[in-house]
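Dear colleague,

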Amino acid sequence: RAHVSQAGQKAIINIVSDVFLSQLERYVTTPQEDSRDREARRQRAINIGSQLSQMETGENRDDGISMPFRFEACISTRPINRMDNKSKGGKPKKSSPVGQTLLEEATGRINEPLSHLFASSSAASSLDPQGELRRCMDRIRNRMAHCNDIDSYLKWVESCKQIVGINDDAKRTEEMAVTKLATLVVVANVADVLIGTTNFNAENDNPQVTNYESTDQIVERLFNLRSDAITRAVEIMSSFVNVKPKREAKAPKKSKDVVGTNHDSESKAKNGEVYQTKLAKTSDVNPATVARNQKLIEDVLSLCPALPLEFIAPAFRKFGALASASKKTNRNDSDDEDNLQSNFSRLIYNMPFRRFIITKSLLLVSGASTVIRAGSRFCSIPSNPIAAYMSLGPLLLAEFCSLCYDLENTSIATKNSASQSTHYLSLTQLSLRAFSFCVHGLSTSTTNQAMSNAQRVQFMISNAIRIASRAAPSSKDGWDYYQSLNVQGNNAPQDEIELKKSLTPFVSFKVDANAPVRLCLFSELMRSSMYGEAIECCHLIKAAAASFSEPSIKHHLSVMLLRCFEQIKQVGVGLLSLDHGEGNQNESCVCYAIDTAFELNNNLDGDTFVPFPHGFLGLDLMSKKGFQLARSKMGLTSMCPNYWPEKHLDRLMDEFSSQLGCPGTIQQITWALTVQLGCSSIFSEVMNSSSPVTKRNSGLACIRSASKTSGSNFAKETRSIANMISASIESGLNSAEFVTAKLIPHMSGSTLNMAQRLVMCLLMSASKVIHASSPSAEFVDTSGSFASLLLKSTKKLYSILARLLLSFLANPHSLESSETKCLLKYLASNLMQSVAALLYTLQEKHETTGGKFLTENKIETHGKISALLVCEKEKLDNAFLKIGAKLKHVGVRSDWLQEYSFISLNRDFVIKRADIQLAKEREAPRTKKNTVSGDKRKINCETSGKMMKQKKKTIKQQYLWRRSLKVTRRSTTLVTTVVAMKNLRVTIMTLSLLET
C-alpha cells in the first residue's frame, strides 16, 4: 500500500466497492430508492454487465422497511445427495438424531455464505466511510433491524412452488422444515454480522429510515431477531423424533399417524429393519433434546466471521459490568421505571446479550473464528492482537468478578439445575476462559516490542485488577491486600518478580504468616464449590507461567497451587468475599490442578538430578545457591524442600543428602496417592523395609480432599492422576531413549561421558516414580491397567539401560561414575522388589468390579507384558556380562558389577516340539457337520513334499518364537509369569543373603 499513490488507492477502493455492491444487489431486494442510487446501480450494471437488481415486485413500501433478502437466490430447494447409510465394512452406520440430520441437510443447501459477504463488505467500506458501500450496509442493517418479525422471513418458503407442489404430505412437511431451517440459519448469521457493523460513536445517518432512537435500538432489535431465529430453528429440529424400529412386513401399509418422515427411513438396514420418524407434539419434546439441538445451532453460528474489536470493546463498556455497577450507583428510586423501559437499560440487564458478547470475545481472542479485514486474507488472528488482548482482558476479568456474586451465572446453578443444558458453560466460566486466552496470547507473543512478555502480562493484569475493583466494589479490599505484599524471587528478573506478585491474588498460600487468613481466588472458588471456575483458574496460571524464564518461579507456583487445598476448611475472608455456601461436595478439580502442577514442573525433568561439568559457568556447584543457579541456567526447576509442608522436610532432606536428588512435584504426588490408597499385603514388607513413607510425612491436602468426595468421583480422579503419572514416566523414558539411540552413538570424549550420566539420571527419576507408584497400583483400577502400564515402563527402562551399558564399551572407565552406581544400587535394592511384587499382583488379578472376571484379551495382554519384561531383564543381565568382560580386559576392577546383576543360566521348563504340535492341533479349526446330508465333510489330509517342508519350517519358527518368550496363548503366558516370579524370588533372596 505504501508504493501505491493516493489516487491509485482510491481507484482500487472504488473497484472493490463496485464488486461488493454488485454481489449485494444479487441477494438484497431494492425498495424505493433515490435517483442518485438508482443511476449508480444502473451504471454499475452497464460496466459489469450482470447482476442488475430489480425493484421489488408486489407490495413495494416507500419506507424501505420490508424484508430485505432474496432467499431463493442463496438457498437451494433441491435435496442434496445423501451418502450411503453403510460404512466401509458393510455394517449400517449408527443413526444420527433427526435434528442433527435436518440441520446437516439445511446447511448443505445454503449456496452463498451471506455472513462472509456482509463481513467482507463491511471491512471494505471502512476504507471509505462516506462511500456508497457504507451507505448500502447501513441501509441493509436498518431495514433488517426494523423488520424483526421472524415470520416475515419464512413467508417465501410457504409460497415456493417446488415445495408446495410436492404431493406427499410427509415429504412436503420435511422439505418445508429443512428449507425453513436453512433460512433461519442464514438470518441468524446475517444478524450476527450486522450487529458487529454498528458504530456506537456515530448515530444513524440514513435519511431514508426513520423512527430510530439510537444505535442501541438497532442492536437490540437485531439481537432479538437472532434469538428468535435460533429459538424457531430449535423448535423445528426438536419436532422430529425417532420411532422405535419396526420389522418390515410382507405387505407394508402406509401409516396414517406418521406426518413426517426422514430420508433414513427409505434405506433398509442390514437386518431388514426400517427406521421412521414422526412429527412429535410440543409436550412430548424432551428438554435434553432441545438443549442438544440448541448446542448444534450455536456450533453452526460460531462458524460465522468474528465480530470486530471496534464493536466488542465499546459493547462491554456500554452494556457490561462497568455500566451495570455505575447504573446501580447512580440510580434513584424515582426514575427506576423510566430506566427499565429504555433500550440502554434492557441491554445492560439482558443476560443472553451479555453471553453473546462474552462468547464473541472468546472466539476472537482464541482464534476459533475467522477474522476478516480489508487488504488481508481470512485468518484467525486480529489485525492488532496485542491491542485486542490489552483492551479485552481487563473487561473480561471485570465481567467475571461482577458475575460471581449472582449464583445463577455460576457453575453451581449449571450443575444443580436439571433442566439447564450441560453443554453450556456458565457466564463466569466463559469470561474467565476468555481472560485466560488473553493472558496466553500476551505470554506467547513473538512481536518485537520494547516490553517483554512478562511486562505485558503484568501490565494487563494490573489494569484488569483496577477495573475489576470498580465493577465489583466488594473485592477491592482483597485486591488491595495482595497488591501491598512484598514478593521475593530467587535470581529472577525484576519484571518476572512483578508478574509473580500480580498472580498472587489468584494462587497463593500463607504469604504473610502474621496476618489473618486471606484466601486466594482459587481457594475461595474451591470452598464455594465453583469447580468449573477453579478449573479455568488453573488454565489461567498455566497461561501466565509461559511468560517466566525462571524455572524456580514456575515450581513455586505449582507447589502453591497444590497447597491451596489446605486452606479450604480454614476460616477466613476470600478475595471476592463470596457467600454461596459449601455447595456440592461430591465433585472436585484435583486432577486439573495436578496436571497444571506437572506442566509447571516440566514433568519428569523437574524431578531429575542433572550432572554439571566442572567449572560450569564459573559457578560454585558445591554450594546450594550455585547449584540452584546452575539448574536455572539449564531451564530446570530448583529443588527447594522448603516449599512443601513442614512435615515433609525431614524425609526430603534425607533423600537430598543421599545423592538421589530431591523429589519434585511428580514424586510428591505419587507418594501422596500411595499413602492415601494404601498398600497391598505383598507390598507391606517391601515398604516397611525400604521406604520410611507415612501419611504424616508424605500426605497432601489435594489428595485428601479428593478422597472425601463421592466414591465414583474419587475413583475417576485417581484414574486421571495415575494416567498423568504414567504419561510423565513415558515422556522421560522417551527422552532417555532418544539420547541413547540417536545421540550417544555419535559422541566421544567428555561429551559422551556427560550424555551417559544424564541418561542415568533420567532413568533414576523414572525408577523412583515407578517404585513409588507400585504399592497402590492394585487399588487404582479394578482391571490392573495401571499396574500393566508400570510394568511396560519398567520393560522400556531395562531396554534403555541395556543399550546404555553397551555404549560404555567405548569408554569403560566412565562406568564408575556416581550416577551409574547410584542407579544400579537403587534398581537392586528398591525397584527389583517392587517389580517382583507387581508381577505377582498382576498374576493374581482375575476379577474386576462386581465379581466379574477379566476378559481373555486383558489376561493375554498382561501376560505378554510380563513375559517381555522378563526377557528384557535377561538382556540387561547379558549386557552386564559383556561390560564386565570388557572391564576385566582393560584392567579395571569389575567385581562391583556382580552385586547388581542376576544371571539365570537355566530355566526350569523346556518347550518341546511335541508340545508345540499338540497345541497346534488343539487350536486348529474343527470340522463342521454338513447341514444337508448330516455327514461330516471330508478333508484331504494328503500333503506333498513341499507342504511338509513348509509345515516343518513353520513349526521351527514357532519354536524359536516361543523360546524367546513372545507367548500369545494364555496357558504359556501364565507358566512364563510363574517361572519369572520364581527366578525373581530367588534373586531377591540371594541379594538379601549377600547383603547379610
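Phenylalanine 853 counts as exposed in this predicted model, because its relative accessibility is 62% and the exposed class begins over 50%. To find phenylalanine 853 in the chain, look at the loop between α36 (818-843) and α37 (856-890). If residues up to four places away in sequence are not counted, phenylalanine 853 touches His846, Glu847 and Thr848. Phenylalanine 853 can also be set against serine 783, as the two are 70 residues apart in sequence and 9.3 Å apart in space, taken from C-alpha to C-alpha.

The surface also holds a positive patch, which is formed by Lys569, Lys647, Arg696, Arg704 and Lys708. One of these residues, lysine 708, lies in the loop between α31 (701-707) and α32 (711-743), and with a relative accessible area of 64% lysine 708 is exposed.

A patch of another kind, a nonpolar one, is made up of Val4, Ile12 and Val16, which together have about 210 Å² of accessible area on the surface. Of these, valine 16 belongs to helix α1, which covers residues 6-27. Is valine 16 exposed or only partly exposed? Its relative accessibility is 33%, and valine 16 therefore counts as partly exposed, since that class lies between the limits of 20% and 50%.

Technical notes: Residues numbered from 1 in each chain as written. Predicted model: local features only at pLDDT ≥ 70, side-chain atom pairs only at ≥ 80, totals over all residues. Heavy atoms only, no water. Patch = residues over 30% accessible without salt bridge, like charges linked within 9 Å, V, L, I, M, F, W, Y side chains within 5 Å. Areas by Shrake-Rupley, 256 points an atom, 1.4 Å probe, with all protein chains shown as cover. Salt bridge = Lys/Arg side-chain N within 4 Å of Asp/Glu carboxyl O. Helix = DSSP H or I, 4+ residues; strand = E, 2+ residues; numbered from the N terminus. Buried < 20%, exposed > 50% of the residue type's maximum accessible area, 1.4 Å probe, protein only. Lys, Arg positive; Asp, Glu negative; His and termini not counted. Charge placed at Lys NZ, Arg CZ, Asp CG, Glu CD. Contact = heavy atoms within 4.5 Å.
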